[in-house]
Structure formats: C-alpha cells, structure tokens
Amino acid sequence: MTNVRNYGQAIRDGFSYLLRRYPDVIVMGQGVWSPWYVGNSMTNLDEEFGVERIIDTPISEWATTSAAVGASLNGLRPIVIHPRMDFMVLATDSIVNQASKWNHMLGGKASPGVCIRGIINRGGEQGAQHSQALHSWYAHIPGLRVVMPSNPKDARDLLIAATLSPDPVIYIDDRWLYQREAELGEPLEIALVDVKNTVTCRGTDITLCASSYSTYLAEQAAEILADDGISAEVVDMRVLNPFDKEALVESVTKTGRLLAIDGSWATCGLSAEIIASVAESVELGLLKSMPVRLTLPSAPAPTSASLEKMYFPDANTVCRTVREIMA
C-alpha cells in the first residue's frame with residue numbers, strides 16, 4: 001500500500017507520531033491552529049490532541065520561546081513554532097544566550113531539549129520583513145543543532161529526531177516545499193547525532209551542494225542538465241550544525257567542480273561555509289574550476305512580483321550557472 005504524502009502532510013505526520021507516543025510532548029506558538037500561519041503542516045492537531053497540548057500563544061516570540069525553554073528544563077519536550085522565521089529574531093536572546101549555553105555553563109546538569117521550528121515563508125509580494133531565510137545565523141552558534149529538511153521523509157523524521165534530542169535544535173522548514181510529494185514508509189526514530197548529510201542525485205561532472213528548498217532546485221536542475229549531457233551530483237546539507245562535510249568533500253573530490261546554492265545571502269552564509277570546507281579538504285590539483293556560489297542578491301527582498309522573479313533563483317538559474325562553469 002502506497003503512502004504518498006506531501007511535505008506539509010509529512011510534518012503533520014511527525015507531530016502526530018510524537019504526540020501519540022510521548023505524552024510529555026507539547027506544541028506551542030502563534031497561529032498553530034490556523035492554516036494561514038502553518039499551512040497544512042498542523043491540520044486539526046488541536047482537535048485530535050487537545051488545546052492543552054497544542055497551545056496557541058499570544059503574540060510574543062520571546063515569551064513563548066522562553067516558556068518553552070523553561071518547560072524543557074522541567075521534564076517536558078516542547079516544540080515552539082515561529083510561523084515566520086523573520087520574527088524568530090525577537091526570541092534570539094532565549095535561543096542564543098540561554099538555550100544554547102546552559103549545558104556548557106552548568107557542566108551538563110541542565111540541557112534544554114527544546115525543538116524550535118522556524119518557517120521560511122516568502123514570495124507572494126510579502127516584502128523584506130517576511131521573506132528571510134536566517135539559517136546561517138543560528139548555525140553559527142555552538143550548542144545549537146540546526147536541521148533543514150528538503151524532502152517529505154526528512155521533514156517528518158528530522159522533526160521526530162529534533163524533538164527527541166537532548167540538545168536544543170533549530171528545525172527549519174520552507175513553505176515553498178509544502179506541496180512536494182514522496183512515498184513514505186513508517187516513521188523512523190533516529191538519534192540526531194547520527195544524521196549525516198547525503199547525496200540525493202548521483203553524478204560525475206559537477207557537485208551541486210545546497211539545503212532545503214535550494215536542494216529541490218538543484219535536483220530539478222540536475223534532471224534538466226542531464227538532457228544536455230551534464231551529469232550533476234546533488235549533496236543535500238540537511239544538517240547545518242554540527243557541519244558535516246564528508247559527503248560534500250567526497251563528491252567534489254570525484255567531480256572536481258562545485259556550485260554552492262543557498263536561498264539566503266552570500267556574505268558569511270552557508271555557501272561560504274560550503275566552499276571553505278572544500279578549500280580546506282580537497283587537493284587543489286583535483287579542482288577543474290573555481291568553486292562558484294549562487295545566492296540571493298545582496299539586498300532585502302522586493303515586494304513587486306516582477307522583481308521577485310528576478311530576485312529568487314529557480315532551477316533554470318541553476319542550470320545557466322552550471323553551463324557557465326562547465327564552459
């Protein structure tokens with residue numbers, strides 16, 4: 001029997017799995033009962049598990065996240081939801097100065113095992129304050145685990161792993177992926193420390209390294225490029241911190257070419273870390289061309305739909321860049 005689920009439904013399956021099996025799991029955040037905020041990723045969870053466990057909070061990102069951190073220190077497994085990652089910035093003190101530090105500062109005696117879900121929600125003329133992917137901010141912080149699933153299976157299973165982790169985890173999903181479909185098996189309980197980055201498409205000519213929605217673009221581009229006789233390998237960086245570079249280095253050592261794709265800005269971002277990892281680990285003589293990165297323009301997101309088409313890369317943008325590298 002097939003079990004075809006889209007990305008949003010897969011996230012809901014992860015929530016359902018956790019809430020059914022772990023009575024200490026609670027979910028809290030702004031708009032968690034509303035598809036306007038969370039799409040199809042939490043449909044009717046409040047009706048199935050009750051509003052005592054699916055808690056729609058007041059609009060205070062800092063207070064909600066602080067309450068979740070405190071709950072995690074008192075035996076619960078909270079998942080706190082930020083429907084727009086942009087406003088997760090208001091909770092940064094609780095995340096960066098508190099949750100990420102306590103295990104280290106208190107000799108391992110207090111580890112806030114809180115899962116903090118930030119949703120990237122852009123496009124649709126939402127403008128500069130509603131379109132940001134800030135994953136590199138949080139991946140910079142020791143003590144925080146950061147995951148970004150690109151496909152429905154990882155969306156479900158990494159949510160489970162993040163919630164059951166004893167460490168604070170930033171789980172980042174992207175609304176542009178919510179309708180991506182895949183056939184899923186049963187949910188897996190995987191220790192987050194055992195999750196590695198992986199190759200999703202095999203190839204020999206160039207490595208496309210990306211995360212989240214950018215991985216999806218890379219996979220689409222790889223199919224298009226195959227018709228041109230270009231064999232692209234896609235490395236999915238589903239774990240950003242700790243930064244696992246093994247699959248990346250192995251791939252670039254084989255292909256000799258690298259395009260790092262990131263749905264955020266270039267300066268001090270994920271694409272820079274990808275290229276630095278290759279520069280530190282791959283013999284220069286094995287590189288057939290200089291590594292290249294494809295990111296957003298260094299400007300806040302526009303509001304105009306016509307400008308958005310120019311601002312956000314798509315699969316054809318990836319293909320054009322690869323052809324330039326190969327030439």
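Here is a short briefing on cavities and cores.

This is a predicted model, in which local features need pLDDT of at least 70, side-chain atom pairs count only at pLDDT 80 or more, and totals for chains, interfaces and linings use all residues. Residues are numbered from 1 along each chain as its sequence is written, and side-chain values use heavy atoms, leaving out hydrogens and water.

**Cavities**
- Searching the whole structure turns up three cavities of 30 Å³ or more; a cavity is a set of points on a 1 Å grid over the protein atoms alone where a 1.4 Å probe fits but cannot get out, and its volume is the space filled by probe spheres set on the points.
- The largest cavity has a volume of about 70 Å³, and its lining residues (those with an atom within 4 Å of a point) include Arg 122, Trp 176, Tyr 213 and Phe 312.
- By class, that lining has eight nonpolar, two polar and two charged residues.
- The second largest cavity holds about 60 Å³ of space, and among the residues lining it are Ile 120, Arg 122, His 135 and Tyr 213.

**Nonpolar cores**
- The largest nonpolar core has 52 residues, of which Phe 15, Met 42, Ile 81, Leu 208, Leu 259 and Val 318 touch the most other members.
- Such a core is a set of buried (under 20% relative accessible area, 1.4 Å probe, protein chains only) Ala, Val, Leu, Ile, Met, Phe, Trp, Tyr and Cys residues joined through side-chain atoms within 4.5 Å.

Note on methods
On a 1 Å grid over the protein atoms alone, a cavity is a set of points where a 1.4 Å probe fits but cannot get out, and a pocket is an open set with protein on both sides within 12 Å along at least five of seven lines; lining residues have an atom within 4 Å of a point. Ala, Val, Leu, Ile, Met, Phe, Trp, Tyr, Cys and Pro count as nonpolar, Asp, Glu, Lys and Arg as charged, and the others, Gly among them, as polar. Buried means under 20% relative accessible area, exposed over 50%, partly exposed in between (1.4 Å probe, protein chains only).
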